[in-house]
Structures are given as structure tokens and as C-alpha cells.
Amino acid sequence: MSEKITLVDGVLNVPNDPIIPFIEGDGTGVDIWPAAQLVLDAAAKKHGKTIEWKEVLAGQKAFDATGDWLPEETVQAFRDHLIGIKGPLTTPIGGGIRSLNVALRQIMDLYVCLRPVRWFTGVPSPVKHPEKVDMVIFRENTEDIYAGLEVEEGTPEAKKLIGMLKDAFGWEIKPDSGVGIKPVSKSGSKRLIRAAIQYAVKRNRKSVNLVHKGNIMKFTEGAFREWGYELTRDEFSDVAVGWDDCNGDPGDKILVKDSIADITLQQVLTRPDEFDVIATLNLNGDYLSDALAAQVGGIGIAPGGNINYVTGHGVFEATHGTAPKYAGQDKVNPGSVILSGVMMYEHLGWQDAADNIVRAIEATIADKIVTYDFARLMDGAKEVKTSEFAAAIVERL
Ligand code: NAP
């Protein structure tokens with residue numbers, strides 16, 4: 001009998017045979033999810049674990065079956081089972097439906113978007129030293145301009161808001177403007193930065209970099225930076241120290257430093273080895289995640305997780321979209337969703353199974369067995385289908 005994962009005294013209690021809900025995903029979800037499941041099941045089995053996968057619906061598949069893009073039943077399944085995994089979902093253009101991914105993150109208050117970015121030997125890369133890239137991004141997931149607090153140009157709501165801002169603050173905003181609000185809270189920033197520092201401690205990382213645009217947006221992005229240093233002093237003084245409090249010399253503690261978002265986007269390219277754990281706000285984190293993913297093989301292989309470390313909830317996901325032109329062709333790279341599964345296993349404490357999959361992926365790529373996206377960038381590669389790539393990984397577990 002499979003069991004539910006529970007949270008006991010703030011710690012995940014993971015049985016050897018947990019029930020884990022999954023969303024197959026739209027478009028290429030039909031190709032990459034079965035491939036990922038094959039690899040995840042085989043690795044779990046090798047380490048004495050079995051997952052009972054519970055399919056739940058979202059996106060186009062849910063809409064066709066239920067008329068609802070994100071059925072309450074799906075959200076409830078993720079709530080009840082704490083941990084889940086998903087393929088990519090179609091975002092219908094227009095029609096007032098915002099991104100299902102953003103909706104899921106906000107409904108479940110999954111405040112951390114975790115994106116580890118590292119290079120796997122043999123993966124084609126546009127940079128000279130991809131092996132220097134080993135960063136973990138903690139992107140705030142619920143606030144910032146992603147909160148969805150926007151009014152459309154020309155609407156009564158926009159006119160009203162523009163009028164209120166003029167009356168209350170004397171702010172002159174052009175009448176033909178759309179207006180968005182950027183909330184950044186102290187509690188929201190601190191819980192994100194707390195998770196990043198705790199991760200750095202647990203994983204023996206050297207630094208946590210607060211990436212912000214505080215030189216321009218002082219009371220949102222700038223405050224994020226200040227709250228990060230304050231948190232370091234108040235809660236982590238035994239294990240971490242802020243740059244100004246140690247003149248950049250942290251001894252054996254974790255160094256908490258900060259950098260401005262625009263220069264960060266240069267430096268992650270020019271000196272990637274200076275970056276380790278990164279904590280940042282929602283929009284910066286979005287740009288940074290994809291820019292970094294490009295350095296280590298692109299979105300076909302970039303994994304992600306959305307986590308609330310307080311409630312124990314986590315939804316791990318492929319970071320790319322549905323790539324509809326390839327749907328059903330057994331062609332695209334299942335790496336992103338497989339590595340999201342690796343992140344999930346790490347989160348569950350199944351480190352051996354996670355490491356095993358990573359080694360098997362490396363061995364497969366080292367043998368030049370790859371899907372089309374890598375094959376077109378590699379000399380002498382053997383291009384295989386999604387399912388064949390997964391089978392080759394399983395052989396190497
Ligand atoms: P996309 O689906 O990510 O595809 C863009 C390109 O990325 C593809 O044409 C392909 O490049 C490459 N790609 C994507 N997945 C790949 C994989 N598994 N292996 C190898 N290459 C891969 O982006 P899009 O076309 O802008 O969006 C399509 C739909 O997905 C939209 O409805 C969008 O809203 C949605 N979306 C969902 C998520 C999510 O669920 N997390 C994220 C982003 C977008 P080449 O053409 O060069 O082969």
C-alpha cells in the first residue's frame with residue numbers, strides 16, 4: 001500500500017512508496033513525461049523505492065476533459081500529497097486566462113522558484129568554460145510585478161488609479177498608460193532569502209548573492225538587499241556574514257553579498273565562478289534563469305522546482321514550454337523534466353537515486369547519445385528519439 005508524504009514538525013516524512021501526483025503536460029508532455037517516468041522509476045527501484053504516480057489534469061488536457069484549465073481537484077491533490085511534478089502547460093493567448101504555472105505557484109504560495117544551473121560533461125555550450133557554471137537560483141515566486149496587479153490602458157480602472165495617484169501623491173502619469181504595481185514585502189523577501197541561506201548551509205555552498213536593481217527601485221529592490229543583510233545578521237550570524245560586516249573576507253562562513261541585476265547578467269558570463277547561490281526577485285530571476293540555462297545547454301535540459309519550505313509543498317517542473325510543433329513526435333529532449341525529477345528526489349532525501357540519474361545522464365551524453373537539440377550542436381553525435389534517450393539513461397543507471 002502506497003502512502004502519502006507528510007510534514008512532521010516541519011520536516012518531510014517520506015515513505016519508501018510515496019504517492020506522487022503528476023501533470024503529464026500539453027504538447028510535448030506526451031513525449032517527455034513517459035520518458036522521465038521510465039528513468040525515475042528505474043532509479044527509485046535500484047534504491048529500494050517505488051512511486052505510485054497519480055495523474056492529475058491541468059492545461060489543455062484538463063480543459064478538454066472538464067472545461068476547466070486548472071481544476072480544483074488538481075490543486076487539491078498537490079495540497080494533499082505535498083510534492084508533485086509537472087510537464088509544460090499551454091498558456092492560452094487572450095481570453096483572460098493568465099499563466100497556469102503562475103496561478104499554481106500563487107494558489108499554493110510556492111514562494112521559491114529553485115533553478116539549479118550546472119553543466120553536464122559533454123553538453124554543447126556557447127561559452128568557453130561551461131564547467132565554471134554551477135549556480136543555484138532562488139527566485140521569489142509570488143510578488144513583484146508578477147503579482148498580476150495591472151490595469152489596462154484606457155479602462156475606467158486605469159483612469160481611476162491614475163487619478164488616485166495624482167490626488168494622493170501628485171504623481172503625473174500619462175493618461176494613456178497601463179499601470180502595474182510592484183509589491184515587494186519584507187516578509188516575502190526574508191522568507192526567500194532565508195531559504196537560500198539555509199540551502200547554502202546544507203549544501204556547503206560558499207556564498208549567497210542578493211541580485212537586485214536597488215540603485216533605481218530603492219524601496220522594492222533596494223529594500224530586498226537591505227532585508228537580506230538584516231536577516232543574515234539577525235538569524236545566521238553563526239554561519240553567514242554580510243560583505244560589509246567582514247570586508248569581503250568571511251573566513252569559513254558563507255559570504256552574503258549583493259550585485260545589481262544588469263551587471264550581474266554580464267558577470268555570470270564573464271566570471272561565472274564568482275557566483276554560487278543567488279537570491280533574487282521574481283522578474284530578475286526569470287531573466288537570469290533563462291540566460292544562465294543557455295550557458296549550460298539550453299532550456300531542453302534546465303530543471304526547476306517551486307517550493308514552500310514552511311508548508312512542505314513542492315511542485316517540480318520542466319522549465320521549457322510545450323514546444324507544440326514537436327508534439328507527439330518522440331523527438332524533444334526529456335532532460336528538463338528528468339532533472340526536475342532529480343531535484344524532487346534530492347528534496348525528498350533520495351540523494352543516492354538522484355546522483356545515480358545524474359551519472360547516467362552524463363554517461364549517456366559522454367557516449368554522444370543525444371536528442372536532436374544537442375545533436376545539431378555536437379560533432380559525431382548519434383541522434384536518438386526521446387524514448388531512446390530515456391532507455392539509454394536507464395541502461396547506464
Ligand atoms: P517552448 O515551448 O519552450 O519552445 C521554444 C523552443 O524551445 C522550441 O521550439 C525548441 O527549440 C526549444 N525546446 C522547448 N522544449 C524543448 C525540449 N524539451 N527539448 C529541446 N528543445 C526544446 O516555448 P514557446 O514556443 O514560446 O511556448 C509554447 C507554449 O508553451 C505556449 O503556450 C507557452 O505559454 C507555454 N509555456 C509553458 C511553460 C511551462 O509550462 N513551464 C513555459 C514556457 C512556455 P527549437 O525550435 O530550436 O528546436
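**Notes on the aromatic rings and the nonpolar cores**

1. Let's start with two tyrosines: Y326 is buried, and Y372 is buried too. Keep in mind while reading that this is a predicted model. The ring centres of Y326 and Y372 are 5.0 Å apart with the planes at 50 degrees, so this pair counts as tilted. Y326 sits in the loop between β15 (314–318) and α10 (335–348), while Y372 belongs to helix α12 (residues 372–375), so the pair ties together parts that are 46 residues apart in sequence.

2. Searching the whole structure turns up 8 aromatic pairs. One of them is F169 with W171, a stacked pair at 4.6 Å centre to centre and 25 degrees between the planes. Are these two buried or exposed? F169 counts as exposed, since its relative accessibility is 53%, and W171 is partly exposed at 46%.

3. A couple of other ring features to look up: F22, W33 and W53 make up one aromatic cluster.

4. Now for the cores. The largest nonpolar core has 95 residues, and the members touching the most others are F138, Y345, L348 and I357. Which helix gives the most to this core? That is α1 (residues 29–46), with 9 residues.

5. Y345 is worth a click. Beyond its neighbours within four places in sequence, Y345 is in contact with L40, D41, A44, I51, W350, Q351, A353, A354 and I357.

Terms used: Residues are numbered from 1 along each chain as its sequence is written. This is a predicted model: local features need pLDDT of at least 70, side-chain atom pairs count only at pLDDT 80 or more; totals for chains, interfaces and linings use all residues. Side-chain values use heavy atoms; hydrogens and water are left out. Rings of Phe, Tyr and Trp (its six-membered ring) pair if their centres lie within 6.5 Å; planes under 30 degrees apart count as stacked, over 60 as edge-to-face and the rest as tilted. Buried means under 20% relative accessible area, exposed over 50%, partly exposed in between (1.4 Å probe, protein chains only). Helices (H or I, at least four residues) and strands (E, at least two) are DSSP runs, numbered from the N terminus. A nonpolar core is a set of buried Ala, Val, Leu, Ile, Met, Phe, Trp, Tyr and Cys residues joined through side-chain atoms within 4.5 Å. Contact means heavy atoms within 4.5 Å.
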